[in-house]
Amino acid sequence: MSLGYGRPDDLSDTLSSIMQDVIDEKPVNVQKAILHHNEGVDLLPSNIELSGLEVRLINAISRESVLKTCINEVKKNYDVVLVDCMPSLGMLTINALAAADSVVIPTQLHYLSAKGLELLLRSVSKVKRQINPHLRIDGILMTMVMPRTNISKEITATVKSAYGQRIKVFDAQIPHSIRAVEATAEGKSIFAYDKSGKVAAAYEQFAKEVAEIGEKQKNRNRADRIR
């Protein structure tokens, strides 16, 4: 819906149908499900059917790599592929971690969200150890931030104290804003809807930080190859 497709349940080809083709060992055609947005972003959409796929993945052969198979079909066409995960630690999230080069962990500045960080970090560590040895954590991103509130300050300090020595906590923080909610309803990115607003500025800062990490990683890989 955030890209302007207001009836996702009416789509015949979605991420769940493509992943089902992989499970059933049918020919995979990811392109037929991709939607194109006028802001230069392509979307492989999901809908309510994806919740049912979670159960079917449990008994699938190579169940952790189904999403990776889908992404491999099209990733050569893109500079960056973003996988937006639901807030759960089920098979779909494991699939995303198995397919990814790196992971950014967004966390709302709420007590329960911060508590869930440790469980997610354990899952990332397990996937890295058993499935995807090249997986790395780029950092933790604070979202829905209300900077003037004591709870936001307390949880930020707690997260930095608990994880900041081993995991980057991004300097950028995404503020709570009704403009971001409105942008989703309008089917636009925050840059198209409110490019001079505080949310757009925060995401721009975050993107620069991620780009810097990517550039450092490229240089590191290049140095490793030379050795």
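Modeller: Beyond its neighbours within four places in sequence, V159 is in contact (heavy atoms within 4.5 Å) with A114, L117, I140, M142, G164 and V169. This is a predicted model: local features need pLDDT of at least 70, side-chain atom pairs count only at pLDDT 80 or more, and totals for chains, interfaces and linings use all residues. Residues are numbered from 1 along each chain as its sequence is written, and side-chain values use heavy atoms, with hydrogens and water left out.

Colleague: Which residues touch the most other members of the largest nonpolar core?

Modeller: A nonpolar core is a set of buried Ala, Val, Leu, Ile, Met, Phe, Trp, Tyr and Cys residues joined through side-chain atoms within 4.5 Å. Buried means under 20% relative accessible area and exposed over 50%, with partly exposed in between (1.4 Å probe, protein chains only). Of the 20 residues in the largest core, the two that touch the most other members are I140 and V159.

Colleague: Which element gives the largest share of this core?

Modeller: Helices (H or I, at least four residues) and strands (E, at least two) are DSSP runs, numbered from the N terminus. At least two core residues come from each of α4 (91–99), β3, α5, β4 and α6. The largest share, five residues, is that of α5.

Colleague: Why do the buried residues of α6 lie on the same side?

Modeller: The buried residues are S152, I155, T156, V159 and Y163. They lie on the same side of α6 because the arc they cover around the axis, taken from the directions from the helix axis to the C-beta atoms, is only 105°.

Colleague: What do the buried residues of α6 pack against?

Modeller: On the other side of α6, N150, T158 and S161 are exposed. The buried residues pack against α5 (111–130), β4 (136–145) and β5 (169–175).

Colleague: What is the bridge partner of I140 in β5?

Modeller: Two strands pair if DSSP finds at least two bridges between them. β4 and β5 run parallel, joined by three bridges. In β5, I140 has as its bridge partner V169.

Colleague: In which sense do β3 and β4 pair?

Modeller: I105 has I140 as its bridge partner in β4. Seven bridges link strand β3 (residues 102–108) to β4, and the sense is parallel.

Colleague: How many of the ten residues of β4 are buried?

Modeller: β4 is largely enclosed by the rest of the structure.
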